Amino acid sequence: QGGNNAGHTVVVDGKEYDFHLFPSGIINAKAISFIGNGVVIHLPGLFEEAEKNEKKGLKDWEKRLIISDRAHIVFDFHQAVDGLQEVQRQAQEGKNIGTTKKGIGPTYSSKAARTGLRICDLLSDFDEFSSRFKNLAQQYKSMFPTLEIDIEGQLKKLKGYAEKIRPMVRDGVYFMYEALHGSPKKILVEGANAALLDIDFGTYPFVTSSNCTVGGVCTGLGIPPQHVGDVYGVVKAYTTRVGIGAFPTEQINEIGDLLQSRGHEWGVTTGRKRRCGWLDLVILKYAHMINGFTALALTKLDILDVLDEIKIGVAYKLGGKRIPYFP
């Protein structure tokens, strides 16, 4: 699920890679990487990312990458609209959501409104694709009069991308079915964003537009629940947040600054400083209620090494009373 709004920095043998749409396993020459149907794909972004990582030594990625035919496409106008919506929110409400302006929200909106276009549409009848693309572009132009879209130019580029990705595209559901039932394989599923950014369970409206919880494994890949094995929760030894939204344990002081600088807490996609605070166990328990972790991977403990005292958020009070749930 998700798109190139989320970023994963992966360091292997001293080389640092930045992944947004590529699965992190793309570095491993023995692994097949698969972009599932739940992901929204910005094709120019995919190839830009390929180019950047090729310069860092990534080889033959196109032989190891498979793309689901059912994944939705992020168009350039989705990205433009994302920016315009943020400006509108700021003007109307005096605050925005703090999106990455990568077109994620508008693309999932198109998907839910059933006007979205998928990879399979791009690769079948291009005339049919073009007319649906034009209709979608017109819809957005009527909603945002200042929006400028070079329809013919974008279609020309999309036609080029179609030929580049054609060899990588498969029926994603059948591909996963074969992977699960063929010769035994180890399957590692990677998602974008974290539990508290989930559209259903996160700190709405300061969330992303997809399900970042374990349910995304089933809906985003077509894997039946009985095939989900271990669920590893990845949690830092302190809590961070990019953008606005509630953050009870936030430290707007020298502690927060220390965590931010020692932990190199910058958003991989936006370069924004992450807000930092003490570990919030209420949030962690809540994430566990939804995901049912079989194990926790605790990271960045060493960032706390220089502190004499470490604090942890243990409970929330509502109207002076302790509450057992995340409100």
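The protein chain is divided into domain 1 (1-185) and domain 2 (230-323), with bounds that come from an automatic or database domain assignment. This is a predicted model: local features need pLDDT of at least 70, side-chain atom pairs count only at pLDDT 80 or more, and totals for chains, interfaces and linings use all residues. Residues are numbered from 1 along each chain as its sequence is written, and side-chain values use heavy atoms, with hydrogens and water left out.

**View A. The contact between domain 1 and domain 2.** The centres of the two domains, taken over C-alpha atoms, are 30 Å apart. Domain 1 brings 15 residues to the contact and domain 2 brings 5 residues; contact means heavy atoms within 4.5 Å. About 590 Å² is buried between the domains, and carbon and sulfur atoms give 60% of that area. Buried area is the accessible area (1.4 Å probe) that two parts lose on being put together, summed over both. On the domain 1 side, H20, G98 and T100 supply 40% of the area buried against domain 2, more than any other three residues.

View B. The side of domain 1 that touches domain 2 divides into 2 nonpolar, 10 polar and 3 charged residues. Here Ala, Val, Leu, Ile, Met, Phe, Trp, Tyr, Cys and Pro count as nonpolar, Asp, Glu, Lys and Arg as charged, and the others, Gly among them, as polar.

**View C. T99 and its neighbours.** T99 lies in the loop between α3 (76-93) and α4 (104-112). Helices (H or I, at least four residues) and strands (E, at least two) are DSSP runs, numbered from the N terminus. The side chains of T99 and D82 are joined by a polar contact of 3.2 Å. Not counting residues up to four places away in sequence, T99 touches D82, E86, R89 and R272.

**View D. The parallel sheet β3-β5-β7.** These 3 strands form an open sheet with parallel pairing; two strands pair if DSSP finds at least two bridges between them. β3 (33-35) and β7 (169-170) stand at the edges with a single partner strand each, so one side of each has no neighbour in the sheet. β5 (residues 65-68) pairs with β7 over 2 bridges. S68 stands opposite R170 in β7.

**View E. The mixed sheet β9-β10-β12.** This open sheet has 3 strands and mixed pairing. Its edges are β9 (238-241) and β12 (312-313), each with a single partner strand, so one side of each is left without a neighbour in the sheet. β9 and β10 (residues 275-280) run antiparallel, joined by 4 bridges. T239 has G277 of β10 as its bridge partner.

**View F. The β1-β2 hairpin.** β1 (residues 8-12) and β2 (residues 15-19) run antiparallel, joined by 5 bridges. V12 stands opposite K15 in β2. The hairpin has 2 residues between the strands, and D13 takes a positive phi near 50 degrees.

Methods. A polar contact is a pair of N or O atoms within 3.5 Å; within protein, one must be able to donate a hydrogen and the other to accept it, and residues adjacent in sequence count only if both atoms are side-chain atoms.
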